[in-house]
Amino acid sequence: MKVGVPKESAAGERRVALVPDVVKRLGAKDVEVVVEAGAGERALIPDALYTDAGATIGDPWGADVVVKVGPPSAEEIGRLQRGGTLVGFLAPRTQPETLQALAQAGVTAFAMEAIPRISRAQSMDALSSQANVAGYKAALLGAQHSTRFYPMLMTAAGTIPPAKVLVLGVGVAGLQALATARRLGAQTTGYDVRPEVAEQVQSLGAKWLDLGIEAAGEGGYARELTDEEKAQQQQALTDAIKGFDVVITTALVPGRPAPRLVTAEAVEGMKPGSVIVDLAGEAGGNCELTEPGEVAVKHDVTIVSPLNLPASMPEHASQLYARNVAALLELLLGEDGNLALNFDDEVVAGACVVRDGEAVEA
């Protein structure tokens, strides 16, 4: 089987789908890897490291399987060979036109974000690996933009109390943000509409903010709240948020706009110099005053809404993503080293979003 690794074309995307260590891993299974010239440059991986690992520098688009990070452009879809396979983050819920174009191109497509979140597929869970990167960086952004120290400082000039950091939404990104802020010395608190994650929050040394509203959903995600629940939640959060120095928001509902958790009233009530880091900017933002992709100051509060935060740490984000991709490719391999798609396997079937000329519901 031949696997192609193209250079990512999206603006600001610095990750690459495979790294040299993973190329070696696949080569041990008789998988040939073709890497486009410069594909790893923005992740600080020169072509020479790929060739040293056994890859060939050339045209990746004619490979049996093409692996990407972001969704392909229309021009890239036109370069895929009919009957070929594409693997990557394909945004099946928000970019159905991409799936239709892939179907018309006769390509079988696997979306990394559609991989079932079950124990057997943990090694392929790219959503979690990239969320870890985002959560870590979010805590650093909070510290960077804050006018206050994260840790408690005891000096000859007096004692500075630790910053109070609140994380809203404690999935993988939220838990990593809590852990990182805690390591930096902040006093941390977590909140989520799924009460079962309170124990995870507390295991990291953080406090649990209980607002009395539950919304546990399927697949490890929260369900969407009713209008009445949203109103109750927002008022309770508005009252709570005012006492925190840094608020990091990570709440997402797959395929829907991000829930608004931080109101303008809450922002106005925060102390001057406070910070909000909104990781849901690509879905509209969790904060009412968020400007996606921008750093804005409203009511003397800095609101940071980075887009594609994992791409800001391309070296380690690419390493993690490449291992996720390799684990999926190994599942797709037959005993003879060629592609063998077993759609009776729940992971294979669940991740497939285009098959036999039709888009499959993710």
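Biologist: Which residues have the most contacts inside the largest nonpolar core?

Modeller: In this predicted model, those residues are Leu18, Val33, Val67, Phe110 and Met112, within a core of 44 residues. A nonpolar core here is a set of buried Ala, Val, Leu, Ile, Met, Phe, Trp, Tyr and Cys residues joined through side-chain atoms within 4.5 Å, where buried means under 20% relative accessible area, exposed over 50% and partly exposed in between, with a 1.4 Å probe and protein chains only.

Biologist: And which elements give two or more residues to this core?

Modeller: They are strand E1 (2-5), helix H1 (20-27), strand E2 (32-35), strand E4 (65-67), helix H10 (314-332) and helix H11 (346-351), and H10 provides the largest share, eight residues. Helices (H or I, at least four residues) and strands (E, at least two) are DSSP runs, numbered from the N terminus.

Biologist: What is Val33 in contact with, leaving aside neighbours within four places in sequence?

Modeller: Val33 is in contact with Val3, Val5, Leu18, Val23, Leu26, Ala55 and Thr56, contact meaning heavy atoms within 4.5 Å. Apart from the core described above lies another one, of 26 residues, including Ala131, Val167, Val197 and Val246.

Biologist: Before we go on, what are the ground rules for numbering and confidence?

Modeller: Residues are numbered from 1 along each chain as its sequence is written, and side-chain values use heavy atoms, with hydrogens and water left out. As the model is predicted, local features need pLDDT of at least 70 and side-chain atom pairs count only at pLDDT 80 or more, whereas totals for chains, interfaces and linings use all residues.

Biologist: Switching to the whole chain, how many helices and strands are there?

Modeller: The secondary structure comes to eleven helices and 17 strands, and the C-alpha trace spans about 65 × 50 × 35 Å along its principal axes. Buried residues make up 51% of the 362 residues, and of the contacts between residues at least 6 apart in sequence, 63% join residues at least 24 apart.

Biologist: What radius of gyration does the chain have, against a compact globule?

Modeller: The chain has 22 Å, which agrees with the value near 21 Å that a compact globule of 362 residues would have; the radius is taken over C-alpha atoms, and the globule rule is 2.2 Å times the number of residues to the power 0.38.

Biologist: Which residues other than glycine have a positive phi?

Modeller: Among them is Asp30, with a phi of about 65°, which sits in the loop between H1 and E2 and counts as exposed because its relative accessibility is 65%. Another is Asn308, whose phi is near 50°; Asn308 lies in the loop between strand E15 (301-304) and H10 and is partly exposed, with a relative accessible area of 22%.

Biologist: One more, where is Trp208?

Modeller: Trp208 is in strand E11 (residues 207-208), and its C-alpha atom is separated by 5.2 Å from that of Gly190, 18 residues apart along the chain. Leaving aside neighbours within four places in sequence, the contacts of Trp208 include Val170, Tyr191, Arg194, Pro195 and Val197.
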